[in-house]
Amino acid sequence: KWDSVPLAPADPIYKLTYAYKDDTYPQKVNLGVGAYRDDNSKPWVLPVVKKATDILLNDPALDHEYLPITGLPDFTNAAARLILGPDSPALLEGRVSSVQTISGTGANHLGGLFLSRFYRWDEGTPRVAYLSDPTWVNHFQIFRGVGIPPETYPYYDPATIGLAFDKYLAFLKSAPPRSVFVIHACAHNPTGVDPTREQWLQIAEVVLERGHYVFFDSAYQGFASGDLDADAWAVREFVKRGVPLLICQSFAKNAGLYGERVGALHIVSPSSEAAVRVKSQLAILTRSEISSPPAYGARVMALIMNNAELFEEWKRDIKTMAERIITMRKELRRLLTEELKTPGNWDHIVKQIGMFSFTGITTEQSLALTEKAHVYLTTNGRISMAGLNSHNVRYFAECLDKVVRG
Ligand code: LMR
C-alpha cells in the first residue's frame, strides 16, 4: 500500500522542538521555534489573556454554536482596526474584506488561494509569488500548495548582516509589472532586519510605479518595537498611498495564543463594491476548507481589543515581552564582545529587531551548536531571542564563542 508515496522530510522548525523535548541534557537550550518564553524558559500566559479567558468562561450566555463562515465580526473588525489604524481611509470607505483564519498560516494560505483563483495573471504577469531571500520556510510550501510557484527576491546581505536594499529595489524595478511580492510587515523572519521608514517609502514608490501587488505577512505586530501602532507603520503607509495589497495577520505571538490559531486576512480593494465581491469569494473558499473558523481564541481577542482597559493591559504585556527580548540582545552582545572577545562584530544582534536574530554563523557552526552543546536552532543560524534568559545566556554565549573560534 502507498508504495509510491515518498517519505517527506520533517519540518525544519517543529523538528527542533521535538528533539529539544527528547533531550535530557540539563543545560539544553531551545532557540528554534519563534515562541515567547519567560525568564525561566517557560511559556508565558499573558495576564490580559488570563483575565479575558476568565470573563469568557464565566459568561452564562457562552454557547458552542458555529461562528459565521467569515468569523466573529467583533474579532475581525477589531483586528482590521488594529493593523490598519482606527482612522484608516480604507476602513472608513468600506474597502476592506476581513475574514477570520487559522492564524497567520491560514491567512497566507487563504490569501494565496484567492490570488491563485482571481489575480489577473495574464498580460505578462508571471504566476509567481516573489518571496524574500531568506524567508519563513513555510512560505514556500504554502504558495506551491495553492499553485503559485515561489521565487525569491534579494533581501539579506550576508556581508553586512543587514538589508541588501539596492538589490531589493533594483529587483522590484525590473520584475514584470503587477508581480506579487510577499513582504514581511515588520520584524522580518528569519533575519530580524527591516527596512528603515525612508526605505519603506522608496519601496512603496517603486511598487506603485510597477503596479506590483503586496502580500503583507504580519505575524509580529508589537514585537519589533513593543508598540502596536509603530509596527503597523509600513502597512498603514502603503494603504494610504493606494498600493494594492492584502494583509495576513496572526495573534499567535503578540497575544501568546499559539495553539488557538487566531488570525485574519484583510484584502483592501479599490471600492466598497469590490470589497463585497471579494469577501463573498473568501467565504466560499473558507466554507470548502474549514466551514467556519474556531471560536475560542477569536472570542478572547475580541474581548481584549474591544475593551479599553484590557486593550491597555495587552499593550503593557506586549512591552514586557519585547523589552525582555531587547535585554537579552544587549546581554548577548555584551558577553560576546566585551567578556569573551569573540572574533567578529556582533553589533547586528542589537540592531536586529523582533523575535529573531540572524547570527551570521554557518550551517556547520549551527549544527555543531546542536550536536555538541545541545543548543537547538535552525541551520541558517537564526536564533529565537525569546529562548534566551538570564540563566542560559552565558552558556549560549560561551558555546557560540567556541564554535566561532572553531
Ligand atoms: C517560526 O518561524 O519559528 C514561527 O513562525 C513558528 C512557525 O510556525 O514556524
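Analyst: Begin with burial: a residue counts as buried if 20 or more other C-beta atoms lie within 10 Å of its own. Please keep in mind that this model is predicted.

User: By that criterion, is Leu 115 buried or exposed?

Analyst: Leu 115 has 22 other C-beta atoms within 10 Å, and it is therefore buried. This residue is found in helix α5, which spans residues 103-118.

User: Which residues are in contact with Leu 115, leaving aside its neighbours within four places in sequence?

Analyst: With those neighbours set aside, Leu 115 is in contact with Ile 148 and Val 180. As for Pro 177, 62 residues away along the chain, its C-alpha atom is separated from that of Leu 115 by 16 Å.

User: How do helices α7 and α8 pack, and at what angle?

Analyst: Angles under 35 degrees count as roughly parallel. Helix α7 (residues 165-174) packs with helix α8 (residues 197-210) at about 15°, and their axes are 9 Å apart. The two helices are therefore roughly parallel. The crossing of α7 past α8 is right-handed.

User: Which residues of α7 and α8 meet?

Analyst: From α7 come Phe 165, Leu 169, Leu 172 and Lys 173; from α8 come Gln 199, Gln 202, Ile 203, Val 206, Val 207 and Arg 210. Sorted by class, this contact has six nonpolar, two polar and two charged residues.

User: What residues are around the ligand?

Analyst: Around the ligand are Ile 13, Val 33, Gly 34, Trp 136, Asn 138 and Asn 189. The shell has three nonpolar and three polar residues, with no charged residues.

Notes:
Residues are numbered from 1 along each chain as its sequence is written. This is a predicted model: local features need pLDDT of at least 70, side-chain atom pairs count only at pLDDT 80 or more; totals for chains, interfaces and linings use all residues. Axes are lines fitted to C-alpha atoms, for helices over the stretch in contact, and angles run from 0 to 180 degrees between N-to-C directions. Helices (H or I, at least four residues) and strands (E, at least two) are DSSP runs, numbered from the N terminus. Angles under 35 degrees count as roughly parallel, over 145 as roughly antiparallel, 65 to 115 as roughly perpendicular and the rest as oblique. A crossing is left-handed if the near helix is turned anticlockwise from the far one by less than a right angle, and right-handed if clockwise. Two residues are in contact if their C-beta atoms, placed from the backbone, lie within 7 Å. Ala, Val, Leu, Ile, Met, Phe, Trp, Tyr, Cys and Pro count as nonpolar, Asp, Glu, Lys and Arg as charged, and the others, Gly among them, as polar. A residue is buried if 20 or more other C-beta atoms lie within 10 Å of its own, exposed if 12 or fewer, and partly exposed in between; C-beta atoms are placed from the backbone. A residue is near a molecule or strand if its C-beta atom, placed from the backbone, lies within 6 Å of it.
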